Amino acid sequence: VRKATCQHLLDVLGGGSSEGQTVEVRRWEEDNTDVQLATILYKSHFSLRQNIVRLSTVDILELTNMIWSHMEPRKKERKPGVRIKPPDKDRVYQLVETILPRKRQKQAPHGAPEQVVLWSRDDQIFLARQHGEWHNLRIHARFLEFAQPGKDEVAVCVTSGVPMPRSLVAGDDAQTCLVHWPQAEEDMGWPVVHLPDLGRVQAFDKLEEVLEALAGHISINRQMKYPVASCSTVSELMQEFTVVEKRIMTDVEKGNTDGTAEVVLKQLEVGRDVLEKLQLMNWKDDSSATPAPFLTFLNRARNRRANVQEYLDHLFCATEGMRRHIEHYRGELKDHVRMLAEVAKFTQMCEIPTPILSQAEKKSIRLAFLRARRLKMKARKDKPTPAQAVLDALRSQALGSEVSEEQKELVDVPSQSFRLWQLIHKGVVVRINDKVDQRVREQMQVSFQYKDEGYMVQLYLKSTLLKEFFISRQDIRLAEGGRKNAVLPYGDEFLWFSCCRLRRLLAFVSAAGGL
């Protein structure tokens with residue numbers, strides 16, 4: 001079996017013969033990796049799966065050092081570099097340069113700029129290994145949610161066929177459309193003729209258009225076809241065009257054609273003009289002369305259309321797969337929202353269904369939900385959140401009528417205020433602008449209020465508003481992923497927040513300040 005299998009594989013790969021029998025050379029399957037990558041790109045946005053990448057601090061520091069060490073190409077070793085654009089335009093270069101520390105060289109003159117250095121194995125990496133800290137970075141399924149036209153839009157690298165952000169594509173070699181046709185073949189030097197009304201045209205392209213028109217491709221009634229007999233010379237083809245023209249004229253007089261007959265007649269006239277020009281370009285008019293270049297052109301055109309048809313078949317299969325995937329995702333999403341609504345309903349006031357409560361009373365079992373319900377009722381009565389206080393006021397004004405869900409959404413605006421020193425103690429605020437006086441820092445208050453899926457942050461000194469800025473939904477999302485370990489300035493560099501601790505604080509504000 002092994003010998004027969006190897007022999008058959010050898011015959012297929014080499015296109016040879018086995019035991020005197022001719023083996024048909026098989027055509028390899030077309031590479032549709034680009035279609036698969038584009039399909040995965042679209043499908044990945046319709047998923048409820050939580051994708052989390054777990055990395056240690058040591059891994060992050062080592063990875064940063066490795067990328068920077070291979071940033072520039074090594075010409076002697078013939079190894080390409082990570083940087084594919086000039087430093088001022090390369091996104092990866094700018095990001096890694098910002099992450100790495102800077103240090104002034106020992107022999108550098110006074111006032112010289114600091115140079116980027118790697119993380120030290122005897123210093124930062126050693127301490128990270130001793131500390132043993134790990135980070136969970138969440139990769140959101142809708143990672144293109146905030147992509148804007150420009151550097152963040154998805155483009156297809158023409159060289160690799162891979163969809164990626166435009167900023168990661170080398171040079172301007174990219175196309176925005178994820179669906180692209182197979183690349184056109186190189187110029188084979190087909191003849192070009194000059195026609196009075198059309199100017200310079202490709203001769204074989206026009207002849208192909210004439211043959212397509214005669215085959216009924218442009219006719220409303222596809223049964224109206226005028227096949228051309230087999231021809232071996234240019235003169236025979238011109239004579240055949242004349243015969244076909246007479247047939248069309250006869251059908252027009254009898255009323256057996258549709259409105260496209262005039263178009264076909266014009267195409268025939270253009271075809272005869274092209275053939276006359278070709279005769280003047282050393283196309284011999286004898287019985288032995290065969291227009292071999294034109295036959296080669298038609299064969300290549302047929303293969304090109306076959307490739308396009310195969311590409312369209314792949315796209316159709318991919319589109320059907322995406323449609324089924326989106327329908328399945330919508331069903332999962334409805335079930336997920338329904339489940340979360342039930343969870344929110346039962347955890348808000350710890351309500352217990354009557355059958356469960358009756359069974360617990362029969363067996364004398366004390367349920368923890370009952371105690372949690374009493375605590376929640378007492379907290380709501382004694383210390384209601386701002387949203388709960390507004391909702392209670394609406395219920396009192398409604399005089400017993402039920403408050404609508406739209407009104408609940410309007411009042412469900414979490415908000416909470418902190419003293420600045422509290423945020424510093426929690427590690428949320430890492431740095432304050434140096435121009436802020438110490439007495440101002442001690443009395444400053446920071447207010448967080450929910451707005452447009454984000455939070456409006458206001459800094460007060462007693463009743464005076466010092467600064468106001470907005471933390472968008474995009475900032476909150478990025479704080480769960482790539483910016484989790486970052487310290488970023490807000491309010492025109494008025495405060496510096498630790499992103500991971502800021503995200504945690506906003507979650508507490510949303511839970512404790514809403515309904």
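**Exercise 1.** Which residues of helix α2 (residues 33–43) are buried?

*Solution.* In this predicted model, the buried residues of helix α2 are Asp34, Val35, Ala38, Thr39 and Leu41. The next step is to ask where they lie around the helix: they cover an arc of only 155° around the axis, and therefore they sit on the same side of α2.

**Exercise 2.** Identify the residues with the most contacts inside the largest nonpolar core, and trace the elements that supply this core.

*Solution.* The largest nonpolar core has 26 residues, and those with the most contacts inside it are Leu214 and Ile248. At least two residues of this core are supplied by each of β10 (192–195), α6 (203–214), α7 (234–254), α8 (261–279) and α9, with the largest share, seven residues, coming from α8. Turning to Leu214 itself, and leaving aside residues up to four places away in sequence, its contacts are Lys225, Tyr226, Pro227, Val228, Phe241, Val244, Ile248, Val264 and Leu268. A second, separate core has 24 residues, among them Val428, Ile476, Leu502 and Leu505. As background, in soluble globular proteins nonpolar side chains tend to be buried together.

**Exercise 3.** Locate Val337 and decide whether this residue is buried, partly exposed or exposed.

*Solution.* Val337 belongs to helix α9 (residues 292–349).

How values were computed
Residues numbered from 1 in each chain as written. Predicted model: local features only at pLDDT ≥ 70, side-chain atom pairs only at ≥ 80, totals over all residues. Heavy atoms only, no water. Helix = DSSP H or I, 4+ residues; strand = E, 2+ residues; numbered from the N terminus. Buried < 20%, exposed > 50% of the residue type's maximum accessible area, 1.4 Å probe, protein only. Arc of directions from axis to C-beta. Core = buried A, V, L, I, M, F, W, Y, C linked by side-chain atoms within 4.5 Å. Contact = heavy atoms within 4.5 Å.
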